[in-house]
Amino acid sequence: MEKFRAVLDLHLKHHSALGYGLVTLLTAGGERIFSAVVFQCPCSAAWNLPYGLVFLLVPALALFLLGYVLSARTWRLITGCGCRARASCGSGLRGSLVCAQLSAAAALAPLTWVAVALLGGAFYECAASGSAVLAQRLCLDRDHNCAAELPLVPCHEAKASDVQDLLKDLKAQSQVLGWILIAAVIIILLIFTCVSRCLSPVSFLQLKFWKIYLEQEQQILKSKATEHATELAKENVKCFFEGSHPKECNTPSVKEWQQISSLYTFNQKDPYYSMLHKYVNRKEKTYSIRSTEGDTVIPVLGFVDSSSINSTPGLWPSE
């Protein structure tokens with residue numbers, strides 16, 4: 001039991017990194033399965049290029065869109081957006097910044113797919129062998145039938161040996177592009193992380209405290225919401241069978257739910273830890289917390305909107 005608890009504690013502390021690692025491993029494994037089982041290059045001058053590009057890019061696009069679907073911030077941004085004020089949906093620079101952050105997070109899986117596919121080489125070999133532009137460059141000083149036989153290279157059907165040797169060149173090009181992509185992603189990620197941390201309005205230890213607060217807030221919110229919903233359901237069912245009127249039960253209004261569900265914005269004057277924290281400390285009951293002068297979107301604080309009462313694991317009871 002102690003070992004299982006230690007594993008759970010590790011998950012709670014590093015769930016984001018573990019989640020990204022799992023997505024990367026699953027994507028890489030999926031690409032290997034596709035390459036070995038599903039992919040069959042047609043070895044046709046007309047089909048090699050579109051067939052190879054489809055396997056290289058379409059799954060990446062699907063994974064990119066799936067990244068949006070699985071992001072809690074996406075649904076915070078668009079749920080009920082058409083019925084709310086324009087400011088609450090995000091506009092201008094602030095809305096663009098949120099979309100850029102969502103895109104960067106969603107790009108992990110598709111970039112992994114493309115990088116692993118390029119390192120494997122099968123998709124690129126098929127696509128490049130059907131490209132007339134690459135054929136002109138690759139076939140310089142080779143057999144006069146090189147351009148015509150190049151599409152047969154991925155299937156090892158080229159008759160001229162020097163043309164069939166181009167398969168090694170295509171594989172080398174693919175792997176070089178794969179490593180360049182991996183290096184570029186790592187460098188950009190490092191630069192973005194360093195810049196966002198340098199521009200952080202709070203210190204390192206306060207960020208740690210902030211994340212602990214959010215975990216506790218979401219856990220308690222889920223517990224209280226479950227308790228309140230259970231009591232409300234029991235009262236309604238009881239009144240239905242008894243034919244009586246229900247007693248008054250104070251449930252947050254639609255407007256109140258909308259306000260605490262908005263995307264988080266940081267304000268130096270009132271640095272609250274969440275929209276719920278901001279809402280309960282509002283100056284007046286009629287005061288809107290969704291658009292205040294001085295509110296900004298801080299990239300390093302994007303984790304605030306990623307919290308979800310359905311995704312927060314329960315903590316072990318204190319002993």
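The structure is a predicted model, in which local features need pLDDT of at least 70, side-chain atom pairs count only at pLDDT 80 or more, and totals for chains, interfaces and linings use all residues. Residues are numbered from 1 along each chain as its sequence is written, and side-chain values use heavy atoms, with hydrogens and water left out. The protein chain has 15 helices and zero strands; helices (H or I, at least four residues) and strands (E, at least two) are DSSP runs, numbered from the N terminus.

**Burial and contacts across the chain**

- Of the 319 residues in the protein chain, 33% are buried. Buried means under 20% relative accessible area, exposed means over 50%, and partly exposed lies in between (1.4 Å probe, protein chains only).
- Among contacts with a separation of 6 or more, 70% are made by residues 24 or more positions apart. A contact means heavy atoms within 4.5 Å.

**Nonpolar cores**

- The largest nonpolar core has 27 residues, of which Phe123 and Val163 touch the most other members. Two or more residues of this core come from each of α3, α6 (108–120), α7 (122–129), α8 (132–138) and α11 (166–198).
- A second, separate core holds 16 residues, including Leu207, Leu214, Ile260 and Tyr264. A nonpolar core is a set of buried Ala, Val, Leu, Ile, Met, Phe, Trp, Tyr and Cys residues joined through side-chain atoms within 4.5 Å.
- In soluble globular proteins, nonpolar side chains tend to be buried together.
- Helix α7 is mostly covered, with seven of its eight residues buried; Phe123 and Cys126 are among them.
- Beyond its neighbours within four places in sequence, Val163 is in contact with Asp143, Cys146, Glu149, Leu150, Val153 and Ala158.

- Asn48 belongs to helix α3 and counts as buried, because its relative accessibility is 0%.
- A polar atom of the Asn48 side chain lies 3.0 Å from the backbone oxygen of Pro151. Neighbours within four places in sequence aside, the residues in contact with Asn48 include Cys43, Cys126, Ala127 and Pro154.
- Ser71 sits in the loop between α3 (48–69) and α4 (72–78) and is buried, with a relative accessible area of 17%. Its side chain reaches the backbone nitrogen of Arg73 at 3.3 Å.

**Cavities**

- Two cavities of 30 Å³ or more are present in the structure. On a 1 Å grid over the protein atoms alone, a cavity is a set of points where a 1.4 Å probe fits but cannot get out, and lining residues have an atom within 4 Å of a point.
- The second largest cavity has a volume of about 40 Å³, where volume is the space filled by probe spheres set on the points.
- Its lining includes Arg73, Gln101, Tyr264, Phe266 and Asp305, and the lining residues divide into five nonpolar, four polar and two charged. Ala, Val, Leu, Ile, Met, Phe, Trp, Tyr, Cys and Pro count as nonpolar, Asp, Glu, Lys and Arg as charged, and the others, Gly among them, as polar.

**Positive phi angles**

- Most residues other than glycine have a negative phi.
- Cys43, in the loop between α2 (15–38) and α3, has a positive phi near 55°. Cys43 is buried, with a relative accessible area of 9%.
- His156, in the loop between α9 (146–149) and α10 (161–164), has a positive phi of about 60°. His156 is exposed, with a relative accessible area of 58%.

Technical notes: A polar contact is a pair of N or O atoms within 3.5 Å; within protein, one must be able to donate a hydrogen and the other to accept it, and residues adjacent in sequence count only if both atoms are side-chain atoms. On a 1 Å grid over the protein atoms alone, a cavity is a set of points where a 1.4 Å probe fits but cannot get out, and a pocket is an open set with protein on both sides within 12 Å along at least five of seven lines; lining residues have an atom within 4 Å of a point.
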